[in-house]
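This report covers the overall build of a protein chain and then its aromatic rings. Terms are given with their cut-offs at first use.

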Amino acid sequence: MSGGVDSSVAAYILKNRNYDCIGAMMKLYADDTNIALPPNHKGCCSLEDAEDARAVATALGIPFYVFNFTDSFDEQVMARFIKAYRQGRTPNPCIDCNRFMKFEKFLHRATELDVTYIATGHYAHIALGQNGRYLLKRSADTSKDQTYVLYAMTQAQLARTLFPLGELTKEAVREIAANLNFTTADKRDSQDICFAPDGDYAGFIQRHTGHVEPKGDFVSPSGQVLGRHNGISRYTIGQRKGLGLYGPTPQYVSAIDPKSNTVTVGPAENLFTSRLTACDINFIPFDSLSGPLNITAKIRYSHPPTPAKLWQTGPDEIHVEFDTPQRAITPGQAVVLYDDDVVVGGGTIAAL
């Protein structure tokens, strides 16, 4: 229970189905962590969120606990986030949080407590396929579907996970919460990265590590120096704003090279490409792919599933080629693969 409306209603639904429920929140960073919170911040895992979650648990008549996972979160999420930016990549820490915290660390704690299932407020659906394997499917509310951040789930994890909201819309969830007078009924969704809620990722990295990133050169595709940048972690593929470069045509970040400490910028047409290679892969309906497969793929959370062809090119590598060029395919982000509403799997974009 994160203290939001989704997990609150998920708990209610399971209690109403006569499950023996325990509410639990993960404490993910220490109270003295140097995190700059903007005014009126209401992100996830805060003290206020814990109070809201406890209030809902009390209303439902279920026990509530807070599990201190700060060390694991620092190692598995924040450290990976920092490492990726220093490598010129743009990570998605929400995927790592789901992968290493909710469905690994949290599930392990449930096992220690002799709890059969864990449940979350994710908008996704789990089903059993004809071959006996568990499938991850898109939610009924496609506008809120969260399968993009869940593609790394294993068969063992899917077997012990419940997604009670998979068949509901967000509007229906809020209506249920309002009818129950939950304090979370009108609470806004958390859109921020919890450990960098002000959106200043470079500032977080500097505060957390004490390391001041060196400045470097903006360069054209031909290598011409166009200006100075303020550290590579301040930039991502496709970025236009905040470059401080002026010219007759808009300039966009098209490549980041940590070895030379350069950021390549160019016209918008340089951002389009049809292919990518991904590693750290996971398949759900099967263990490996023997031949090419026609799928749809998402290269970021908000990206619509787009027709493409998939090949497995190594034990931990896939190649995806889109039918049409896609804008700003970004190393470090996930590519997630679909067969209609079934999640085939995904991986971390490594190269174009």
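## Burial and basis of the model

Of the 352 residues of the protein chain, 49% count as buried, where buried means under 20% relative accessible area, exposed over 50%, and partly exposed in between (1.4 Å probe, protein chains only).

The model is predicted: local features need pLDDT of at least 70, side-chain atom pairs count only at pLDDT 80 or more, and totals for chains, interfaces and linings use all residues. Residues are numbered from 1 along each chain as its sequence is written, and side-chain values use heavy atoms, with hydrogens and water left out.

## Fold and dimensions

The protein chain contains seven helices and 16 strands; these are DSSP runs numbered from the N terminus (helices: H or I, at least four residues; strands: E, at least two). Its radius of gyration is 21 Å, close to the 20 Å that the globule rule gives for 352 residues, so the chain is as compact as a globular protein of that length. The radius is taken over C-alpha atoms, and the rule is 2.2 Å times the number of residues to the power 0.38. The C-alpha trace spans about 65 × 50 × 35 Å along its principal axes.

With a contact meaning heavy atoms within 4.5 Å, 64% of the contacts between residues at least 6 apart in sequence join residues at least 24 apart.

## Surface and charge

The accessible surface of the protein chain is about 17000 Å², and 49% of this belongs to carbon and sulfur atoms. Areas come from the Shrake-Rupley method with a 1.4 Å probe; for residues, only the protein chains shown count as cover.

The chain has 34 positive and 38 negative charges, whose mean positions are 3 Å apart. Lys and Arg count as positive and Asp and Glu as negative, without His and the chain ends; the charges are placed at NZ of Lys, CZ of Arg, CG of Asp or CD of Glu.

## Aromatic rings

The structure holds 13 aromatic pairs. Rings of Phe, Tyr and Trp (its six-membered ring) pair if their centres lie within 6.5 Å; planes under 30 degrees apart count as stacked, over 60 as edge-to-face and the rest as tilted. Phe67 and Phe69 form a tilted pair, 5.9 Å centre to centre with 35° between the planes. Phe67 counts as buried at 10% relative accessibility, and Phe69 counts as buried at 1%.

Tyr85 and Tyr201 form another tilted pair, at 6.1 Å and 45°. This pair links distant parts of the chain, 116 residues apart: Tyr85 lies in helix 3 (residues 70–86) and Tyr201 in helix 7 (residues 201–209). Tyr85 is buried at 6% relative accessible area, whereas Tyr201 is partly exposed at 27%.
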